[in-house]
Amino acid sequence: MTGIGSVSSVQPGDVDAEVAQRALRRIKDYLAKHPVEPEMIEVMVEHGEPSLVLPRPAVTLFAQILAQLAEGRGVSVIPSQAEVTTQQAADLLGVSRPYVVGLLEDGAIPHRKVGRHRRILLTDLLAYKRTDDDQRRKAADELGDLGQELGG
């Protein structure tokens with residue numbers, strides 16, 4: 001049996017997009033026919049194996065993963081309480097690692113230290129990213145408005 005780590009990824013192209021699309025359609029059809037019930041979904045398995053019984057939220061999440069794969073995108077599944085390194089945070093934000101360290105030292109993003117290393121809860125990092133994206137969007141809108149006033 002293959003081990004299941006805390007972070008799992010599928011790279012673009014690892015899964016045939018058509019296969020993912022067909023599977024997604026079947027799951028969406030099932031969920032549409034059964035909008036609320038059942039809480040547990042039984043999946044029949046081939047070759048005489050016993051069926052799988054999956055929680056409905058897991059099937060819904062799987063459908064979301066398949067939707068991304070059908071679009072040719074890669075997908076990563078990370079536990080909600082996962083911690084990331086400063087380099088991983090920098091990669092996710094699209095900035096340098098020293099810039100992230102500055103954000104941590106300024107208190108913009110909560111973190112903890114493990115020895116000399118900083119660890120950031122993914123949920124805290126994503127919350128910072130959402131807030132930062134919102135602020136950037138508002139600033140761009142204000143600049144656009146100002147340009148409209150000055151230009152016309």
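This is a conversation about a predicted model of a protein chain.

Trainee: What should I know about the model before reading it?
Mentor: It is predicted, so to speak of local features a pLDDT of at least 70 is needed, side-chain atom pairs count only at pLDDT 80 or more, and totals for chains, interfaces and linings use all residues. Residues are numbered from 1 along each chain as its sequence is written, and side-chain values use heavy atoms, with hydrogens and water left out.

Trainee: How many helices and strands does the protein chain have?
Mentor: There are five helices and seven strands. Both are DSSP runs numbered from the N terminus: helices are H or I with at least four residues, strands E with at least two.

Trainee: In what order do the elements run?
Mentor: From the N terminus on, the order is β-α-β-β-α-β-β-α-α-β-β-α.

Trainee: Is the chain spread out or compact?
Mentor: The chain is more spread out than a compact globule, because its radius of gyration is 21 Å, well over the 15 Å that the globule rule gives for 152 residues. That radius is taken over C-alpha atoms, and the rule is 2.2 Å times the number of residues to the power 0.38. Along the principal axes, the C-alpha trace spans about 65 × 55 × 30 Å.

Trainee: What share of the residues is buried?
Mentor: Buried residues are 19% of the 152, where buried means under 20% relative accessible area, with a 1.4 Å probe and protein chains only.

Trainee: Moving on, at what angle do H1 and H2 pack?
Mentor: Helix H1 (residues 17–33) and helix H2 (residues 56–70) pack at about 145 degrees, and their axes are 8 Å apart. Axes are lines fitted to C-alpha atoms, for helices over the stretch in contact, and angles run from 0 to 180 degrees between N-to-C directions.

Trainee: Which residues meet there?
Mentor: Among them are Ala20, Leu24 and Ile27 in H1, and Val59, Phe62 and Leu66 in H2. Contact means heavy atoms within 4.5 Å.

Trainee: Where is proline 38?
Mentor: Proline 38 sits in the loop between H1 and strand E2 (40–43). The peptide bond to proline 38 from glutamate 37 is cis, with omega near -5 degrees.

Trainee: And threonine 86, is that buried or exposed?
Mentor: Threonine 86 counts as buried, at 10% relative accessibility. Threonine 86 belongs to helix H3 (residues 86–93).

Trainee: What is threonine 86 in contact with?
Mentor: Leaving aside neighbours within four places in sequence, threonine 86 is in contact with Arg97, Val100, Val101, Leu104, Arg118 and Ile120.

How values were computed: Buried means under 20% relative accessible area, exposed over 50%, partly exposed in between (1.4 Å probe, protein chains only).
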